[in-house]
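Student: Can we go through this one label by label? I'd like each term tied to a value and a cut-off.

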Amino acid sequence: MTGGRTSEILDRALAGGRLSPADAVTLLEEGNFLALGAAATAVRNRVNDPSVATYIVDRNINYTNVCVYRCQFCAFYRPSAEHPEAYVLSHGEIGEKIQETIDLGGTGILLQGGVHAGLPFSFYEEMFRYIRKTFPTIHLHALSAPEVYFLQKMTKWPMRDVIARLKDAGLQSIPGGGAEILEDSVRKRIWSLTKAPTEKWVDVHESAHALGMRTTATMMFGVGETYAQRVEHMDVVRNLQDRTGGFTAWIPWTFQKENTELDGKVDEAGGFEYLKTLAVSRLFLDNVRHVQGSWVTQGPKIGQVSLSFGADDLGSIMIEENVVYAAGARNRMTQDEMRRLIADAGYTPVQRRTLYDACREACCTAPIPRPKPIRAGLPVLGVDLDSSLASA
């Protein structure tokens, strides 16, 4: 495929061998772009249906934008409940958003917020119970490692007990948000270390897996990290997956700089860097079956090309998303457009559920709802932003 060391590394990956972190760094530094895509596609097709690419219809609901942390890459948070733009959604507002999701043929919600120090643990239990009782066919994919870690610090309970109580209240799976780069010197530089050091991100996901709860693994890159630090993140994920098998999918995306403290301070990763990293991650993460392409940050065309660089899924159609929108990502997608995008890439589009085929609860065994004719321009309640979603 390519010359020298990269040819040997790719041949080994195609033969089913496990790549070392040094191998992955070499591929990022020296690998031929098209050869990486071809190898990643071959591995993707070995573990997934070669003729199919999946997507989901769900919604990212941010229940609050108040956050005690000051991550330099975030343009979404408001520093206190007294800020004029701060909000906490009511059960009624959340319910209206979920009903709109069902009316659009949606099957799940990704519920996350800022880390709001004024909300008691009972707030989350009551919110989850309301959602599960009122909308039993919606899968509740909620919180992030920093949110769960904050609840553990607030209650001083063991991490397993915190997650067990949230699960009893209705939490069904945990997204991979808050990972950024799982290397603590990078986390310190971009001010995300205090909200969740790498070991705490791992602790949340490992504890959830031990309780039988599935989670996803994410990576936001392009914040000035080195290739070795990017691969260290992948290695953290692979090692945890070796121990638990609890990750359903790997979802890398690129940092969006607009309105953030890092604007002008780091070189963003463009489409070439995104696709190369995606391909290498597919080859390195040999124990994670599903890899999601990010059309939200890179645009529909690069999202489409990601299906030729190891991705087997294109995530959500973006009913609503506020975090990357606030940082400059303005891409939109209807279900018809998503299906056409996948079909034009040569795959059969298939709508999936949040956990692919890993859930047997009512939310994932009920028929997928048929979209209803509704007005254009669904409202985004509680925030002064247009609607759009990154399914993590």
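Predicted model: local features only at pLDDT ≥ 70, side-chain atom pairs only at ≥ 80, totals over all residues.

Student: What makes helix 6 and helix 9 roughly perpendicular to each other?

Tutor: The label covers angles of 65 to 115 degrees. The crossing of helix 6 and helix 9 is roughly 90°, so the two are called roughly perpendicular.

Student: Which residues of helix 6 and helix 9 make the contact?

Tutor: Helix 6 brings Ala 145, Val 148 and Tyr 149, and these meet Lys 200, Trp 201, Val 204 and His 205 of helix 9. By class, the contact of helix 6 with helix 9 divides into five nonpolar, one polar and one charged.

Student: What meets what between helix 3 and helix 11?

Tutor: On the helix 3 side, the residues are Phe 33, Leu 36, Gly 37, Ala 39, Ala 40, Val 43, Arg 44 and Val 47. Helix 11 answers with Phe 272, Leu 275, Lys 276, Ala 279, Val 280, Arg 282 and Leu 283. Sorted by class, the contact of helix 3 with helix 11 has 11 nonpolar, one polar and three charged residues.

Student: Where do Leu 111 and Phe 128 stand in the largest nonpolar core?

Tutor: They are the residues with the most contacts inside that core, which has 98 residues. Helix 11 gives the most to this core, with seven residues. Not counting residues up to four places away in sequence, Phe 128 touches Leu 111, Leu 140, Ala 142, Leu 143, Leu 166, Ala 169, Gly 170 and Leu 171.

Student: Leu 143 is on that list. How do you know that Leu 143 is buried?

Tutor: Buried means under 20% relative accessible area. Leu 143 has 0%, so it is buried. Leu 143 sits in the loop between strand 4 (139–142) and helix 6 (145–155), and has a positive phi of about 65° although it is not a glycine.

Student: And Lys 156, why does that one count as exposed?

Tutor: Exposed means over 50%. Lys 156 has 71% relative accessibility, so it counts as exposed. You'll find Lys 156 in the loop between helix 6 and helix 7 (159–169). Its phi is positive, near 65°, in a residue other than glycine.

Student: What makes Cys 67 count as buried?

Tutor: The cut-off is under 20%. Cys 67 has 11% relative accessibility, so it counts as buried. Its place is in the loop between strand 2 (58–62) and helix 4 (91–103). Cys 67 and Gly 113 are 46 residues apart in sequence and 8.0 Å apart in space, C-alpha to C-alpha.

Student: Last one: how do you know that Met 318 is buried?

Tutor: Met 318 has a relative accessible area of 4%, under the 20% cut-off, so it is buried. Met 318 lies in the loop between strand 9 (313–316) and helix 14 (323–326). The C-alpha atoms of Met 318 and Asn 60 are separated by 7.9 Å, with the two residues 258 apart along the chain.

Notes:
Residues numbered from 1 in each chain as written. Heavy atoms only, no water. Contact = heavy atoms within 4.5 Å. Helix = DSSP H or I, 4+ residues; strand = E, 2+ residues; numbered from the N terminus. Nonpolar A, V, L, I, M, F, W, Y, C, P; charged D, E, K, R; others polar. Core = buried A, V, L, I, M, F, W, Y, C linked by side-chain atoms within 4.5 Å. Buried < 20%, exposed > 50% of the residue type's maximum accessible area, 1.4 Å probe, protein only. Axes fitted to C-alpha atoms, helices over the stretch in contact; angles between N-to-C directions. Parallel < 35°, antiparallel > 145°, perpendicular 65-115°, else oblique.
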